[in-house]
Amino acid sequence: MRYLFFFVHPSKFHVFKHTINRLKRDGHDVEVLITSKDILEQLVKNEGWDYTNIFPEGRKMDGVPAYVSSTINLFRTIYRLYNYCKGKKYDLFITDDLLVYIGKLQRVPTIVFTDDDLSTTKQFSIVLAFADYILSPDITDLAKYNKKKISFSGYKELAYLHPDIFRPNKDIIRQFNPKMDTYFLLRLVSMRSYHDTGKKGLSDRNVWRLIELLEYYGKVFISAERKLPTDMEKYRLKLKSELIAHAIFYADLFIGDSQTMTSEAVVLGTPAFRCNDFVGNINVMDEKENKYGLSFNYKPENFEKMYERIKTMLNEKRFKDTFQSKRNVMLAEKINLTGFMIWLLENYPDSVEEIRQDPQIQYRFL
């Protein structure tokens, strides 16, 4: 079969990476399109794929209001996608972006991947409305688009951090922590994406309070998208971003204002604390906390409550062992998403009808 993947965020590279590699090994024709976004292009290069970057200059438009730049970029993106696909034949599009429009024009079926509830990212309707199928966790609420869902029991992070795929490596930790001392990992994001407008996470003041608390118990490392104060730079984690999962796995605690990295900590069994304005509005995050007890989530105005809960946990014995046990409970109920996607794509279109008739098929991939 001939597949075209178009994804625009580093997190989706990780979601699709193992599936793309398997499809290539199985002899399928797989093309990859990207835009310049953070480290996405470097990740794709490191994987050794042939690819095309249709926005080498990126899609950010500095100085232009977000709603204006989003509208302009919609038309720019569709135009460039159309020029790339013109005259080519594909069996299936897989995307997290505007490739759905080309799918309609060229009558190519499109699968969109998302794990965001529609109530949180209402702007994503411009993509979902034109998708043929939406691959999404069963807990994710897509409102009027639920009828398009191909549901699965799992999380996007299990496409690349399921224990069948991910093998933690202590040698990577020794690159920044030679003696394997107890350490804690903080993650600070930039809050600059279109859906982050007006949202807050951890302030520098609160980060300093966390550092002062945590340093009593071990080392502190910060993974940061945003600019750090000069005197905080000494805590910056010096590790290639594609290796960050190893640092999360061996950390005693994870604290951050990132959705994705908090979720990665959860599926790796590292106690995770999240502090941002999205708390309470994302079903997959709520499930990880309320059903499995693998994370703690607080809005910025409730930082003091989070701080006190962290203090309590630091004084508990073998708390990380408890979280590894909770992780095992979660893994027993969630599928290996990569295995499921390979089956779904290689057996399309029959697989779509099969999974809708018998959702239990997915549990072959536990």
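This is a dialogue on reading features of a predicted model.

Colleague: Start with the sheets. How many strands form the open sheet that contains β3 and β7, and in what order?

Modeller: Strands of a sheet pair through backbone hydrogen bonds, either parallel or antiparallel. Here seven strands form an open sheet, with parallel pairing. The order is β3-β2-β1-β4-β5-β6-β7. At the edges sit β3 (52-55) and β7 (149-152), each pairing on one side only. Neighbouring strands are turned by 20 degrees against each other on average, direction ignored.

Colleague: Which residues of α11 are buried?

Modeller: Phe-303, Met-306, Tyr-307, Ile-310, Met-313 and Leu-314 are buried. Seen down the helix axis, the buried residues fall within an arc of 125 degrees, so they line one face of α11. They pack against β8 (183-188), α7 (204-214), β10 (253-256), β11 (272-275), β12 (295-298) and α12 (319-331).

Colleague: And the nonpolar cores. Which residues have the most contacts inside the largest one?

Modeller: In soluble globular proteins, nonpolar side chains tend to be buried together. The largest nonpolar core here has 100 residues. Those with the most contacts inside it are Phe-5, Phe-7, Ile-222, Met-306, Ile-310 and Phe-340. Beyond its neighbours within four places in sequence, Ile-310 is in contact with Leu-210, Leu-213, Leu-214, Leu-253, Ile-255 and Phe-273. A second, separate core has 28 residues, among them Phe-6, Leu-81, Val-127 and Ala-131.

Colleague: Is Gly-256 buried or exposed?

Modeller: Gly-256 has a relative accessible area of 0%, so it is buried. This glycine is in strand β10. Setting aside neighbours within four places in sequence, Gly-256 is in contact with Arg-187, Leu-202, Phe-273, Arg-274 and Cys-275. Sequence separation is another thing to read. Gly-256 and Ile-211 are 45 residues apart in sequence and 12 Å apart in space, C-alpha to C-alpha.

Colleague: Next, charged side chains. Is Lys-12 buried or exposed?

Modeller: The cut-off for buried is under 20% relative accessible area. Lys-12 has 12%, so it counts as buried. This lysine lies in helix α1 (residues 10-25). Not counting residues up to four places away in sequence, Lys-12 touches Phe-7, Asp-96 and Phe-113.

Colleague: What about Glu-157, buried or exposed?

Modeller: Glu-157 is at 0% relative accessibility and counts as buried. It is in the loop between β7 and α6 (170-173). Leaving aside neighbours within four places in sequence, its contacts are His-162, Thr-260, Ser-263, Glu-264, Val-267 and Lys-288.

Colleague: Now backbone angles. What is phi of Ala-143?

Modeller: Phi of Ala-143 is near 50 degrees, a positive value in a residue other than glycine. Ala-143 is in the loop between β6 and β7. At 43% relative accessibility, Ala-143 counts as partly exposed. For Arg-318, phi is near 50 degrees, again positive in a residue other than glycine. Arg-318 is in the loop between α11 and α12, and is exposed with a relative accessible area of 64%.

Colleague: Last one. Which peptide bond into Pro-349 is cis?

Modeller: The bond from Tyr-348 to Pro-349 is cis, with omega near 5 degrees. Pro-349 is found in the loop between α13 (337-346) and α14 (350-357).

Terms used
Residues numbered from 1 in each chain as written. Predicted model: local features only at pLDDT ≥ 70, side-chain atom pairs only at ≥ 80, totals over all residues. Heavy atoms only, no water. Pairing = 2+ DSSP bridges. Helix = DSSP H or I, 4+ residues; strand = E, 2+ residues; numbered from the N terminus. Axes fitted to C-alpha atoms, helices over the stretch in contact; angles between N-to-C directions. Core = buried A, V, L, I, M, F, W, Y, C linked by side-chain atoms within 4.5 Å. Buried < 20%, exposed > 50% of the residue type's maximum accessible area, 1.4 Å probe, protein only. Contact = heavy atoms within 4.5 Å. Arc of directions from axis to C-beta.
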